[in-house]
Amino acid sequence: MTSSSPAPAAGSRTTGAPAAPAIDARDVHVTLGGRPIVRGVDLAVPAGQVLALLGANGSGKSTLVRSLLGVVPVASGSVHLLGAPLGPRVPWDRVGYVPQRMAAGGGIPATALEVVGSGLLHGRRLLPPRDRRARARAALETLGVGHLLHRRVQELSGGQQQRVLIARALVRDPRLLVLDEPTSGIDLPTQEAFVRTVAQLRDAGTTVLVILHEIGPFAPLIDRAVVLRHGRVVHDGAPPQARGEHGSVEHDHTHPHADPVPPSEGPDLTLGVTS
């Protein structure tokens, strides 16, 4: 079993009873299509920490995150989110998730405002709150796409669709925000604007778990990095230094690095996390 002990969270409170970790995963194994993908991972993420999950293509990063959110089944081990065991007791309305490489419209004609507003729905809320439009508009404006609120998402560029998906996660005012390569394929100014938004969430106490192929503009925010290799934790601590061209300020960090498509036996990835 690979042990991964938490580093202190930036800005953590030191008075009173210690808060439960936002993520507490123990000896997690995931098997897809008969092949082990995640192998005995322990991961505890304190409330308020920004953790980068790093690793080469096929290392198991996305699969681990999906298992932590219940999108793919855990073969063995245990997962707690925000103090509750994985399942209906998790306060899913305070968990924001931006999956990798997913079209914001999902094949259904919808405006950016409607897609972001749908982020307020979850397993225990089938009707959106009355202030859904105002909250969705504010989330879009935070990402610099408020002017697109009435546009169909199918008409938007890939980078604009990604910002709509991010706004859909932010509209929940999440206590836990999980991002799977959120800046892949979007331009550097947009990346920097998004990082500023994440910084504001961190300052407000939100826990952030972000999968990255390259740390890039996230570097000032990262409290801790966990590196996976072949489904096991091989590093847990300070972010490793970029090497070669990836360490150059001139390097283009906007190109995508897609992990292999999961086996067809695995469940489909949905836009949101539901209980």
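Q: How many helices and strands does the secondary structure come to?
A: In this predicted model, the secondary structure of the protein comes to five helices and 10 strands.

Q: And what percentage of the residues count as buried?
A: Of the 275 residues of the protein, 49% count as buried.

Q: Among contacts with a separation of 6 or more, what share is between residues 24 or more positions apart?
A: Residues 24 or more positions apart account for 75% of the contacts in the protein that have a separation of 6 or more.

Q: OK, the open sheet: what's the strand order?
A: The open sheet has six strands in the order S6-S7-S8-S3-S9-S10, and the pairing in it is mixed. Its edge strands, each of which pairs on one side only, are S6 (95-98) and S10 (232-237). On average, and with direction ignored, neighbouring strands of this sheet are turned by 15 degrees against each other.

Q: Do S3 and S8 run parallel or antiparallel, and how many bridges join them?
A: Strand S3, residues 50-55, and strand S8, residues 207-211, run parallel and are joined by four bridges. As one example from this pair, Leu-53 has Ile-211 in S8 as its bridge partner.

Q: Switching to the largest nonpolar core, which residues touch the most other members?
A: That core has 42 residues, and those touching the most other members are Val-116, Leu-140, Val-164, Leu-179, Val-210 and Phe-218. At least two residues each are supplied by several elements, including S3, helix H2 (112-117), helix H3 (132-142), helix H5 (188-203) and strand S9 (224-229). The largest share, six residues, comes from H4.

Q: Why does this core lie between domain 1 and domain 2?
A: It lies between them because both domain 1 (44-91 + 175-240) and domain 2 (109-121 + 129-174) give residues to it.

Q: What other core lies apart from it?
A: Another core, of 34 residues, lies apart from it, and among its members are Ala-22, Leu-43, Val-65 and Ile-211. Ile-211 is also the S8 bridge partner of Leu-53.

Q: Now Asp-42: where is it found, and is it buried or exposed?
A: Asp-42 is found in strand S2, residues 35-45. Its relative accessible area is 15%, and since buried means under 20%, Asp-42 is buried.

Q: Which backbone nitrogen lies 2.4 Å from a polar atom of its side chain?
A: The backbone nitrogen of Asp-27 lies 2.4 Å from a polar atom of the Asp-42 side chain.

Q: And how many residues apart in sequence are Asp-42 and His-29?
A: Asp-42 and His-29 are 13 residues apart in sequence, while in space their C-alpha atoms are 9.8 Å apart.

Notes: Residues numbered from 1 in each chain as written. Predicted model: local features only at pLDDT ≥ 70, side-chain atom pairs only at ≥ 80, totals over all residues. Heavy atoms only, no water. Pairing = 2+ DSSP bridges. Axes fitted to C-alpha atoms, helices over the stretch in contact; angles between N-to-C directions. Buried < 20%, exposed > 50% of the residue type's maximum accessible area, 1.4 Å probe, protein only. Polar contact = N/O pair within 3.5 Å; in protein donor to acceptor, adjacent residues only side chain to side chain. Core = buried A, V, L, I, M, F, W, Y, C linked by side-chain atoms within 4.5 Å. Domains from an automatic or database assignment. Contact = heavy atoms within 4.5 Å.
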